Amino acid sequence: MPTDRTAQWWRHAVVYQVYVRSFADGNGDGTGDIAGLRSRLPYLQRLGVDAIWVNPWYRSPLADGGYDVADYREIDERFGTTADAVDFIADARDHGIRVLVDLVPNHTSSEHRWFREAIAAPAGSAARQRYHFLDGRGDGGLPPNDWKSVFGGSAWTRVEDGQWYLHLFDESQPDLNWEHPQVVQEFDDVMRFWLDRGAAGFRIDVAHGLAKAPGYPDAGRDVNDGKATLDPVPYLDRDEIHPIVRRWRRVVDEYGDRMLVAEAWVDAARRPLYLRPDEYHQAFDFDLLSTHWSAAEFEAIIAESIRSAAAVGSDPTWVLSNHDVVRHATRYGLPADIDPSRWLLDGPHELLDEARGRRRARAAALLTFALPGSTYLYQGDELGLPEAWRLPTEVLQDPIWEDSGHTVKGRDGCRVPIPWEADGPSLGFGAVEGWLPQPPEFRTLAAAVQADDPDSTLVLYRRALRLRRDRLVGETGFDVLDLGRDVIAFRRGAGFTCVVNMGDDAIELPAGEVVLTSGPVDGVLLPPDTTAWLAS
Ligand code: GLC
């Protein structure tokens with residue numbers, strides 16, 4: 001039964017993530033843009049998504065794909081104009097699609113006016129207080145502490161007069177000082193700027209950043225040591241973050257049904273802190289991004305996410321892929337003991353079983369679409385796109401490649417332009433070659449090739465999202481069924497059952513009419529790596 005939860009649209013929304021640079025190139029310069037994105041609104045409407053989250057589209061040197069913002073109120077000219085963005089938001093709304101804007105408050109670009117002023121001003125000046133400028137250790141020639149950048153190397157860069165500034169990411173992304181009142185005020189204003197122009201809310205970048213420990217104590221460890229955020233470091237997931245979030249929430253609440261979703265790479269046990277009723281509406285559940293194809297692991301994450309979100313009156317927010325990780329169609333084709341992001345460079349590449357990855361990716365999609373809560377899909381998921389893992393290192397643009405000293409290949413392989421057609425210089429992405437080369441297998445996966453093929457991933461997604469909308473929106477029931485060790489099975493209310501076979505042998509389906517499957521099914525036998533939806 002629908003409940004008043006349906007009024008809070010984000011609780012059950014299917015949100016489609018657009019990496020605008022790689023989605024559709026409207027003006028034929030090899031870079032995706034707002035005109036291209038706008039021309040594809042009918043496609044997204046037909047796919048059945050409720051909202052779009054657009055990765056940063058602001059004026060930027062694109063040193064980190066736009067997560068280095070030079071002006072938060074202006075669109076980069078490669079993507080269009082601010083007027084184009086406003087028209088696009090309105091047009092999307094006419095297609096029944098809301099638009100979430102990506103906000104990057106942890107750092108600016110080094111091309112931002114504030115940072116230019118800071119560099120031009122002397123040590124100790126007011127202009128430097130908006131960032132973290134410190135003197136070095138020893139005679140000043142050593143960084144102020146041992147903090148490491150998430151992209152590799154020290155988190156400090158020295159400027160001409162000898163001071164150092166902090167950047168948790170690339171040196172072109174100086175961290176803002178969130179204790180400075182102008183910084184706080186500026187982001188209230190930027191939020192209002194986009195809310196006034198129709199934005200449905202914000203995806204907040206590095207929501208676990210922002211606050212740094214007073215006195216900048218040594219971390220005692222490298223943030224990239226593989227322990228992720230489980231061990232606290234003095235610059236991530238600090239309690240001082242939460243008053244900032246409450247302030248944003250008050251701004252957003254002034255506008256009615258707008259929302260905030262946090263990109264917070266934190267331990268699952270800490271995630272509910274971000275989801276308290278006066279903080280974020282959603283926080284991405286990233287646990288599935290690093291989970292092996294194992295029913296036990298998936299089940300544990302699903303149970304914990306549902307439980308911990310409910311404890312603070314929220315719902316889970318499922319994610320299988322995004323612009324920062326190896327696409328799941330490739331991840332699921334690799335053996336469990338392989339780290340996919342290292343495998344990109346180090347291989348061995350012959351370990352990849354592409355067909356298995358594709359099967360599992362389809363099964364995983366039907367699983368997440370059937371779960372309670374909201375789900376985010378990344379552009380190209382609906383085409384079953386694999387990671388473009390063969391990209392030659394000469395074409396790489398991700399700053400991780402340089403910052404890691406060529407030890408981590410980075411995220412370009414999931415950012416390759418979308419194939420829309422089987423032909424053309426960039427497979428319908430635009431009139432010329434795209435900013436990254438597309439792998440040969442993209443040709444057969446193009447949207448136009450899949451559009452009318454009943455067995456295609458695109459048609460599967462369309463059907464699944466339609467069924468989800470008809471049957472599951474507003475349904476709060478979730479009851480786990482025990483169908484064996486390698487099977488995930490649950491009922492949603494009285495009439496809907498989802499069964500995922502993650503084992504090596506076919507299993508017998510429970511009673512009910514099969515309404516959708518992620519792959520071929522033999523009578524009542526559900527093959528491995530396959531999901532079935534049943535009505536009863
Ligand atoms: C987030 C973004 C990522 C970016 C980083 C720095 O993790 O998703 O793409 O590189 O923040 O802004």
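## A cluster of rings

Trp57, Tyr58, Tyr72, Phe88, Trp178, Phe187, Phe193, Trp194 and Trp248 come together in one aromatic cluster. Keep in mind that this is a predicted model.

## The main core

Some of those names turn up again in the largest nonpolar core, which has 138 residues. Trp57, Phe88 and Trp194 have the most contacts inside it. Helix α5 (residues 181-196) is the top contributor to this core, giving eight residues.

So who does Trp57 touch, if we skip its neighbours within four places in sequence? The list includes Val20, Ile34, Glu74, Phe79, Phe88, Val101 and Trp194.

In total, the structure has 33 aromatic pairs. Trp57 and Phe88 make an edge-to-face one, with 6.2 Å centre to centre and 85° between the planes. Trp57 is in the loop between β2 (51-54) and β3 (58-59), while Phe88 belongs to helix α3 (residues 82-94), 31 residues apart. Trp57 counts as buried because its relative accessible area is 1%, which is under 20%.

Now for Trp147 and Tyr235: their pair is tilted, at 4.7 Å centre to centre and 40° between the planes. Both sit in loops, Trp147 between β6 (133-134) and β7 (156-158) and Tyr235 between β9 (201-204) and α6 (241-253), so this pair ties together parts 88 residues apart in sequence.

How values were computed
Residues numbered from 1 in each chain as written. Predicted model: local features only at pLDDT ≥ 70, side-chain atom pairs only at ≥ 80, totals over all residues. Heavy atoms only, no water. Core = buried A, V, L, I, M, F, W, Y, C linked by side-chain atoms within 4.5 Å. Buried < 20%, exposed > 50% of the residue type's maximum accessible area, 1.4 Å probe, protein only. Helix = DSSP H or I, 4+ residues; strand = E, 2+ residues; numbered from the N terminus. Contact = heavy atoms within 4.5 Å. Phe/Tyr/Trp six-rings, centres within 6.5 Å; stacked < 30°, edge-to-face > 60°.
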